[in-house]
Amino acid sequence: MSSWLDYTINGLIVGNVYALVAVGLALIFGVSRLINFAQGSIYLVGAYIGWVAVVQLHTPLPLTIIVVAAAAALVGLIIERFGLRPLQNSVRIAPLLATIGISFVLDQLVMLTFSPNPRALPSQLPDVRFQLGGGTIGPLDLLIAGVGITSALLLFVFLRYSKLGWAVRAASQDRDAAMQMGVDVNRVNQAVFGIAAALGGVSGMLVGMYYNQIDTAMSLQATLKGVVAEVVGGAGNVPGAVIGSLLLGLVESYGVAVFGTSYRNLFAFLLLVVVLVLRPNGLFASARQAPPEPLTGTFIAPSRPVRIPRWALAVAAAGFAILPLFPVSFYVLQTLINAWLLGMLALSLTLVAGTIGQVSLGHAALLAIGAYTSALLSLALSVPVGLAVIGGGLMSAALGTLLISPSFRLRGHYVSIATLAIGEIVSLVILNWESVTRGPIGISGIPPLSLFGYDLISPSSVYWFSLAVIVVLALLQGRLLTSHLGRSFRAIRDDDIAARAYGLSLNRYKSLAFIFGGFAAGVSGGIAAHLYSYINHETFNTQQSILALTVVILGGLGNVVGAIVGSVALVGLPEVFRIAAEYRILIYGIVLLLLVRFRPQGLLGTI
Amino acid sequence: MGEHLDSMLSLRGLTRRFGGLTAVDAIDLDLAKGELISIIGPNGAGKTTLFNLVTGLDRPDAGTVRFEGQDITGLSPERLAAEGIARTFQLGRVFGNLSVMDNVLIGAHTRLRAVKPAVPVIGPLLELGLALLRPSSVKAEEERLREEVKAILARFGERLLPRIDQPAYSLSYANRRRVEIARALALKPRLLLLDEPTAGMNPTETAEMQALVAELKAKGLTILLIEHKLEMVMRLSDRVIVMDEGKKIAEGRGEEVRSDPKVIEAYLGHGLTGTAEQESAA
């Protein structure tokens with residue numbers, strides 16, 4: 001693999017695989033204005049079903065493809081029927097959160113069933129390569145191209161000539177009008193989810209064969225790549241998704257050719273951010289579109305927050321403060337320290353996602369920025385740890401806000417995609433910027449927490465320190481919410497168009513929310529770095545972002561007390577019930593799904 | 001040129017196309033200070049698009065918007081709000097989860113001074129700091145605005161004051177429209193654009209709204225009004241502009257416009273001119 005032709009072929013083949021995922025996303029977005037974050041999980045399921053078929057049942061290749069497509073389509077139908085259809089008339093944030101939850105549940109189920117270890121997925125095809133110009137091409141390349149082209153043709157025929165296909169196109173142009181003309185939108189949704197899932201599942205199997213390896217980390221990568229391709233092509237635009245996918249494949253392939261393999265994903269996400277900023281409607285979208293006029297107050301569930309009297313909060317804080325004076329085990333304190341650290345992240349996310357309505361899925365990146373800054377300040381520049389943690393908070397506030405600022409002009413699902421991508425970019429930069437971050441080796445020997453020259457080593461001192469920090473952060477955030485900024489943030493969340501018409505600059509106030517929230521997250525990451533004494537690029541991962549999001553939904557969007565209560569509950573309850581670690585993510589995903597369905601305003605209500 | 005020197009708002013050749021459709025087609029309009037002009041026309045005539053162009057929510061493909069002699073074409077809505085242009089929305093866009101008080105306080109956002117120092121670059125950070133520290137100047141400003149909001153709400157009698165702390169989503173439809181107008185008034189606008197303020201209101205509520213708009217006009221406020229209830233349009237307007245398919249098809253005093261055959265045809269389609277007034281007034 002040295003000639004540009006090889007890179008072109010590789011790019012087109014990979015692009016073909018992305019296209020299978022992206023076309024499904026585009027179909028779903030077309031009819032339900034939803035970015036299906038579970039698409040990558042179906043791709044993962046497809047890969048593992050393919051493994052079962054090939055390795056255990058020894059099915060021939062054509063049958064394997066049919067089995068995978070059918071099984072994946074079934075998963076898609078189940079998601080549509082039980083995960084999304086009940087949410088049809090709920091607030092706009094609900095289906096977004098639901099697909100995130102479904103994705104985590106599916107990934108975790110696969111991981112529990114097959115273990116997280118990678119497996120080989122043999123391709124069942126002869127291992128020969130044909131000369132083509134200056135490059136070579138193998139039978140698997142031809143298979144992938146063939147499947148891609150065949151699916152595109154079948155889809156084209158279905159959409160253009162079948163009655164259901166007409167209904168899909170009608171619903172995607174104008175859902176309400178289609179419904180009034182007698183189109184059964186549930187059937188359309190079923191069709192679309194079934195097709196999308198079949199394509200996604202086959203795609204996962206083909207990729208597994210292409211690299212002869214499958215593992216559970218494939219899911220998130222597939223979702224991200226599919227979304228990148230779809231957004232580049234224009235959300236909801238099926239031919240656009242194909243072209244966007246091929247473009248993405250080529251950009252990655254040439255990028256790898258010039259800069260090396262570890263930069264592959266960086267190019268994908270940079271492409272996404274550039275497209276979102278410059279052409280948020282995709283490369284092929286028609287010129288400016290009319291500004292949509294969503295109804296007000298429909299992004300989050302309307303609710304009245306549960307008012308907890310100040311004295312009760314003071315008593316609770318005092319109770320937690322004197323806890324170490326009693327003979328409690330180290331284990332209890334350790335659990336609560338984890339809860340306080342998660343609580344700081346949740347305070348940050350509840351402000352950003354709840355108060356100002358920017359559902360960030362890359363929040364762990366803020367932890368990472370704070371942790372690396374604090375660790376490097378104390379190690380390389382010998383800054384006292386207390387100051388280094390504050391430095392971590394400030395760096396996270398400044399750098400995090402700067403990085404996320406391209407997403408400020410976006411709304412709803414797009415914000416989630418952009419923040420997810422930005423979070424991945426941060427992680428990739430940490431991995432590749434070895435001179436500063438020490439790359440994959442990570443940073444070890446980070447000094448312990450200390451304050452005014454005294455090391456905080458004992459569990460109770462660490463406990464008090466983190467409790468004090470979270471109390472101060474919570475009080476500050478509570479004060480922020482009662483100021484004019486609190487109402488400005490909430491106004492932007494409820495209706496950004498009306499907010500702008502009354503002089504609220506979205507850039508200014510989203511920046512302020514991320515600066516304030518970034519500080520809390522950065523401090524949390526900084527403290528964590530000094531507690532763990534070792535961090536690397538995987539210490540702060542998407543799972544933490546999702547956990548924080550579950551906490552925020554559990555406590556009530558924007559609810560400061562709710563964020564802390566939610567953290568204690570989600571960290572503490574699994575400990576109380578001694579739930580094994582590998583089941584926890586599954587439980588968080590299920591909790592998220594149940595909340596979205598049955599109590600969208602959370603325990604303490606939206607503020 | 002002489003006649004638009006003293007005009008508050010002046011549109012020249014304002015045009016907006018959506019694909020093959022010209023939603024607003026070369027509209028000229030001059031609104032003098034203290035004048036109230038109504039824009040009427042069938043649904044889809046381009047009235048709301050015209051409002052969006054004037055308030056910066058959409059950009060024109062051609063033409064200019066001048067406000068008090070200044071070219072404001074294509075400026076952002078937040079800049080235009082700061083210039084003193086306030087509007088209400090056709091579908092009603094209150095902030096659902098904010099209380100009535102907070103909704104109207106957002107209207108006064110452009111008038112915040114103590115908490116929003118006009119300092120370049122670090123201005124936003126100062127705003128954050130002042131919001132958290134709240135020196136006495138900030139507290140006094142907030143208190144003064146809250147009193148103002150109560151005074152504005154008092155204009156709506158007992159409709160809104162007793163519900164001042166309730167979230168807007170819990171209000172009746174008519175009350176939400178009132179909150180929108182209160183929010184617009186809190187901006188202390190020099191130009192007020194009302195997009196169907198009485199949509200969905202019953203006759204009593206409509207009469208109240210009409211009295212309120214008449215009162216605002218009597219106080220010298222310059223108003224651009226979109227309204228379907230012709231009775232109200234006739235009573236309030238200094239001039240009426242009729243739009244159809246993006247074009248201005250008639251302009252003049254209420255009675256003149258009312259009997260214009262082009263207007264009757266636009267409202268009723270072709271060949272049904274006989275019952276125009278009853279139908280369109282209904």
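Reader: Among contacts in chain B between residues at least 6 apart in sequence, what share joins residues at least 24 apart?
Author: The model is predicted: local features need pLDDT of at least 70, side-chain atom pairs count only at pLDDT 80 or more, and totals for chains, interfaces and linings use all residues. Residues are numbered from 1 along each chain as its sequence is written, and chains are lettered from A and ligands numbered from 1 in the order in which they are written. Two residues are in contact if their C-beta atoms, placed from the backbone, lie within 7 Å. Among contacts in chain B between residues at least 6 apart, the share that joins residues at least 24 apart is 63%.

Reader: What is the radius of gyration of chain B?
Author: Chain B holds twelve helices and ten strands, where helices (H or I, at least four residues) and strands (E, at least two) are DSSP runs, numbered from the N terminus. The globule rule (2.2 Å times the number of residues to the power 0.38) goes with a radius of gyration taken over C-alpha atoms. For 282 residues that rule gives 19 Å, to which the value for chain B is close, so chain B is as compact as a globular protein of that length, with a radius of gyration of 20 Å.

Reader: What percentage of the residues in chain B is buried?
Author: With C-beta atoms placed from the backbone, a residue is buried if 20 or more other C-beta atoms lie within 10 Å of its own, exposed if 12 or fewer, and partly exposed in between. Of the 282 residues in chain B, the buried ones make up 46%.

Reader: How far apart are the centres of the two domains of chain B?
Author: Domain bounds come from an automatic or database domain assignment. That assignment divides chain B into domain 1 (1-84 + 189-282) and domain 2 (99-188). Taken over C-alpha atoms, the separation of their centres is 28 Å.

Reader: Which element of chain A gives the most to the side of domain 1 that touches domain 2?
Author: Chain A is divided into domain 1 (4-278) and domain 2 (329-541), and their contact takes 16 residues from domain 1 and 17 residues from domain 2. On the side of domain 1 of chain A, the elements that give two or more residues are α4 (93-114), α9 (218-233) and α11 (264-278). The element of chain A that gives the most there, with seven residues, is α11(A).

Reader: Which element gives the most to the side of chain A that touches chain B?
Author: Here 34 residues of chain A are in contact with 37 residues of chain B. On the chain A side, two or more residues each come from α18 (459-482), α19 (484-494), α20 (496-501) and α21 (506-532). The element that gives the most, with seven residues, is α19(A).

Reader: Why do the buried residues of α6(A) lie on the same side, and what arc do they cover?
Author: In helix α6 (residues 163-173) of chain A, the buried residues are A:Ala167, A:Val168, A:Ala171 and A:Ser172. The arc is that of the directions from the helix axis to the C-beta atoms. These four residues are placed on the same side of α6(A) because they cover an arc of only 130°.

Reader: Which residues have the most contacts inside the largest nonpolar core?
Author: A nonpolar core is a set of buried Ala, Val, Leu, Ile, Met, Phe, Trp, Tyr and Cys residues joined through C-beta atoms within 7 Å. The largest such core has 282 residues, and those with the most contacts inside it are A:Ala72 and A:Met344.
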